[in-house]
Amino acid sequence: MSERYYAEIVGTGHAVPERILTNFDLEKMVDTSDEWIVSRTGIRERHIADENTYASTLGTKAAISAMEMAGIGADDLELILVATVTPDMPFPSTAAIIQKNLNAPKTAVMDISAGCTGFIYGLSIVDSYIKTGIFKTVLLLGVEVLSKITDWTDRSTCILFGDGAGAVIIRATLERKGILGTYIKGDGRLGGLLMMPGGGSQNPASKESVDGRLHYLKMSGNEVFKFAVQAMGEASTTILEQTGLKAEEIGTLVPHQANIRIIQATAKRLHIPPEKVYVNIDRYGNTSSASIPIALDEIRSNGNYKAASPLLLVAFGAGFTWGSAAITW
Ligand code: ACO
């Protein structure tokens with residue numbers, strides 16, 4: 001009988017820019033208030049990249065930390081997979097740029113565009129590659145520099161986002177642990193609710209596209225909010241059914257950090273108490289595909305991290321996409 005592999009996370013890392021933008025700073029930029037932002041979103045501050053920091057800059061730093069924790073070198077990597085909606089450029093992929101920075105010439109490289117669900121999509125792809133024996137050691141990243149596509153004159157979006165990167169090293173193991181299951185879904189009919197319309201083949205960069213502010217993120221916040229609550233609930237219950245785990249067995253719920261009210265609604269639906277819900281949105285804002293791997297690195301850096309297991313990861317995002325994963329350390 002052939003060997004059955006499982007995909008285990010053996011290293012984590014994250015990186016955020018040094019500069020912090022607080023709600024009080026935003027009060028000076030647009031018509032908003034700390035009180036409004038905290039009560040509607042749970043965000044207090046976010047990290048913002050300078051002009052010389054790109055997705056690959058943060059991704060490379062996070063990758064180096066994850067490789068150190070895993071005790072592996074660049075030569076061990078077989079695939080670099082980057083989830084991002086803010087790549088350094090349309091091509092080459094940010095994965096290829098990170099490969100060059102890490103000096104890991106033997107790897108396959110690709111980017112995934114699945115909005116804030118990108119890291120969960122990545123886990124699902126890596127799990128399949130490892131289970132089928134195609135790759136044994138993979139670097140998966142969620143990397144975003146959303147500040148560069150944020151319209152800093154639009155108070156309904158500019159208060160929400162932050163920059164950051166999270167990385168994990170995933171290796172094949174014969175023990176039944178690591179990724180227990182993944183679930184991913186999409187509905188392109190809702191794509192117009194959250195998009196950056198400029199810069200692709202539909203609206204290539206032109207004077208008109210710049211004047212029309214098409215190179216900024218556009219969002220119908222209220223409709224996204226309603227969809228998110230429903231999708232996060234559905235993805236969470238589906239992964240529990242699929243893996244046979246009960247909600248009360250979950251050690252930590254790690255939701256995508258988009259809005260504290262969406263996080264609380266998801267936890268309430270699952271009857272998971274607040275002390276088991278990981279929240280760092282107050283410090284980072286919404287870092288899209290980076291939010292879950294940043295959280296994983298913070299959890300893993302805690303000496304008692306094994307008590308946090310099993311973890312239920314759940315996200316939604318542009319596309320629309322949504323999905324979930326159950327993992328153990
Ligand atoms: N400061 C003060 N007032 C504001 C601000 C602000 N920053 N932004 C909007 N308002 C006002 C609105 O103009 C509106 O005023 P009005 O009633 O006079 O018209 C009022 O506040 C309420 O606006 P809503 O949009 O209804 O506020 P809501 O409670 O829905 O909160 C929010 C807005 C925070 C954006 C919420 O809808 C949300 O979190 N949506 C989900 C966003 C999200 O998760 N996006 C995911 C992105 S993922 C990715 O893939 C990148």
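Strand 4 (residues 79-83) and strand 6 (residues 137-145) run parallel and are joined by five bridges. Strands here are DSSP runs of E with at least two residues, helices are runs of H or I with at least four residues, and both are numbered from the N terminus. Two strands are said to pair if DSSP finds at least two bridges between them. Within this pair, leucine 79 stands opposite valine 138 in strand 6.

This is a predicted model, in which local features need pLDDT of at least 70 and side-chain atom pairs count only at pLDDT 80 or more, while totals for chains, interfaces and linings use all residues. Residues are numbered from 1 along each chain as its sequence is written, and side-chain values use heavy atoms, with hydrogens and water left out.

**The two sheets**

Strands of a sheet pair through backbone hydrogen bonds, in either a parallel or an antiparallel manner.

Strand 11 pairs with strand 12 in the parallel sense over four bridges, and leucine 311 in strand 12 is the bridge partner of threonine 252.

**The ligand site**

The ligand lies between domain 1 (6-176) and domain 2 (180-327), because both give residues to the shell around it; the domain bounds come from an automatic or database domain assignment. Of the 24 residues around the ligand, Thr32, Arg40, Cys116, Asn222 and Asn259 come nearest, where a residue is near if one of its heavy atoms lies within 4 Å. By class, the shell has 12 nonpolar, eight polar and four charged residues. Helix 8 gives the most to this shell, with four residues.

| Residue | Protein atom | Ligand atom | Distance |
|---|---|---|---|
| Arginine 155 | backbone N or O | nitrogen | 2.9 Å |
| Asparagine 222 | side-chain N or O | oxygen | 2.8 Å |
| Alanine 318 | polar backbone atom | oxygen | 3.1 Å |

Taken alone, the ligand exposes 1000 Å², and the protein buries 74% of that; accessible areas come from the Shrake-Rupley method with a 1.4 Å probe. The elements that give two or more residues to the shell are helix 2 (34-41), helix 6 (155-158), helix 8 (221-243), helix 9 (260-270) and strand 12 (311-317).

**Backbone features in loops**

The peptide bond from phenylalanine 91 to proline 92 is cis, with omega near 0 degrees. Proline 92 lies in the loop between strand 4 and helix 4 (94-102). The bond from serine 309 to proline 310 is cis as well, with omega near -5 degrees, and proline 310 lies in the loop between helix 11 (291-300) and strand 12. Arginine 213, although not a glycine, has a positive phi of about 55 degrees; this arginine lies in the loop between helix 7 (207-211) and strand 10 (218-219).

How values were computed. A polar contact is a pair of N or O atoms within 3.5 Å; within protein, one must be able to donate a hydrogen and the other to accept it, and residues adjacent in sequence count only if both atoms are side-chain atoms. Ala, Val, Leu, Ile, Met, Phe, Trp, Tyr, Cys and Pro count as nonpolar, Asp, Glu, Lys and Arg as charged, and the others, Gly among them, as polar.
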